[in-house]
Amino acid sequence: MFRFSCPLRWSDLDAQGHVNNAHIVDYMQEARVAFFRSGSTSGLLDSGIVVVGHQVEYLSAVEYSTDGVDIDLSVVSLGGSRFEVAYDVRQDSRPVARARTVLCPFDFERGRPARLGDADRQFLASVQAETPPMRAIPEVPLGGQGTVTDLFVRWSDHDSYAHVNNAKMYDYFQQARIEVTSQWDPTMARAGAGDSQYMWLVARQDVDYVAQLSHRLAPYAVRTAPVALGTSSMTLSVEVFDPQADTVFARGRTVLVCADRELRPVPLPDSIRERLAPHLAG
């Protein structure tokens, strides 16, 4: 196991006064980079390594603290050209998130995955451990269904590979989610905006990365649709795509929980169910 302490920034907080869910993925990335740089896998960051997918479960709110959060990282599977990393994120010994990331060394010049070298495999195996698997959230193909919003990529969204950093996809999904849910039902507006009546907590968010996304002035697009309604939660399916070529860059699933002002889960109101019904996909 590799342990990393990640400092927080005041700007990481959202309107609810807690660390925004999208920043958890950023903290995971910081832990992962620190781990790679600590051994022979440091070269993978320079030659090329890509994120294939994330699974993130949010267990508790992260408060601002100068002590930051602690992240325990381990490798849970190790293949020829891909491997999976698990994370336990805690604040003051309190579990706040657990997650998994599938990664793949990548040859950008040839445009294809690369195999792990013996030294890299040995270093990754040094922190290999068994951890309970995370429950899969079924992917529901949208097939063109869903509400479409514009996505403007910022130049600062790029990483050292000149592509949009994987963590930014959580920002894109969040922006689209806030826009479309408020369109579907004004009472779903976020706290302090419009006719907001509830708090919406992200309980789980998974992303599959399909293709590299690059900066351009013309907007890309995000397609979002509810695909399941539970007692107090809903699952949304999301796609980032190019409206000019219909290329899909990423797909995601988000589980939202309806809560009161004290952040206690409450049943989804019938009025919201009725307004979401025409938008259900799948």
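Strand E10 is mostly covered, since eight of its nine residues are buried, where buried means under 20% relative accessible area, exposed over 50% and partly exposed in between, with a 1.4 Å probe and protein chains only. Helices (H or I, at least four residues) and strands (E, at least two) are DSSP runs numbered from the N terminus. This is a predicted model, in which local features need pLDDT of at least 70 and side-chain atom pairs count only at pLDDT 80 or more, while totals for chains, interfaces and linings use all residues. Residues are numbered from 1 along each chain as its sequence is written, and side-chain values use heavy atoms, with hydrogens and water left out.

**Strand partners**

E10 pairs with strand E9 (residues 220–229) in the antiparallel sense over eight bridges, where two strands pair if DSSP finds at least two bridges between them. A hairpin through three residues joins E9 to E10, and within this pairing Ala228 stands opposite Thr235 of E10. E10 also runs antiparallel to E11, to which it is joined by nine bridges, and here Phe241 has Val248 in E11 as its bridge partner. E10 and E11 form a hairpin with six residues between them, and Asp246 in that turn has a positive phi of about 65°.

E3 pairs in the antiparallel sense with strand E1 (residues 2–6) over five bridges, and Phe4 stands opposite Ile71 in E3. With strand E4 (residues 83–91), E3 pairs antiparallel over eight bridges; the bridge partner of Leu73 in E4 is Tyr87, and a hairpin through four residues joins E3 to E4.

**Cavity and pockets**

Rolling a probe the size of a water molecule over the atoms shows where empty space is left. On a 1 Å grid over the protein atoms alone, a cavity is a set of points where a 1.4 Å probe fits but cannot get out, whereas a pocket is an open set with protein on both sides within 12 Å along at least five of seven lines, and lining residues have an atom within 4 Å of a point. Grid points are joined across faces, edges and corners, and a volume is the space filled by probe spheres set on the points.

A search of the whole structure finds one cavity of 30 Å³ or more, and the largest cavity has a volume of about 50 Å³. Its lining includes Glu139, Leu142, Val238, Glu239 and Arg251, and the elements that give two or more residues to this lining are strand E10 (233–241) and strand E11 (248–259).

In the table, Ala, Val, Leu, Ile, Met, Phe, Trp, Tyr, Cys and Pro count as nonpolar, Asp, Glu, Lys and Arg as charged, and the others, Gly among them, as polar.

| Space | Volume | Lining residues by class |
|---|---|---|
| Largest cavity | about 50 Å³ | four nonpolar, two polar, four charged |
| Largest pocket | about 730 Å³ | 18 nonpolar, eight polar, four charged |
| Second largest pocket | about 630 Å³ | 19 nonpolar, seven polar, three charged |

About 730 Å³ of space lies in the largest pocket, and of the 30 residues that line this pocket, the closest to its centre are Asp14, Gln16, Val19, Asn21 and Val202. The elements that give two or more residues to the lining of the largest pocket are helix H1 (21–37), helix H4 (168–184), strand E8 (199–209) and E11, and H4 gives the most, with five residues.

The second largest pocket has a volume of about 630 Å³, and of the 29 residues that line this pocket, the closest to its centre are Ile49, Val50, Val51, Tyr161 and Gln212. H1, strand E2 (49–58) and strand E5 (94–107) are the elements that give two or more residues to the lining of the second largest pocket.

**The whole chain**

The chain has five helices and eleven strands. Its radius of gyration is 19 Å, close to the 19 Å that the globule rule gives for 282 residues, so the chain is as compact as a globular protein of that length; the radius is taken over C-alpha atoms, and the rule is 2.2 Å times the number of residues to the power 0.38. Buried residues make up 50% of the 282 residues.
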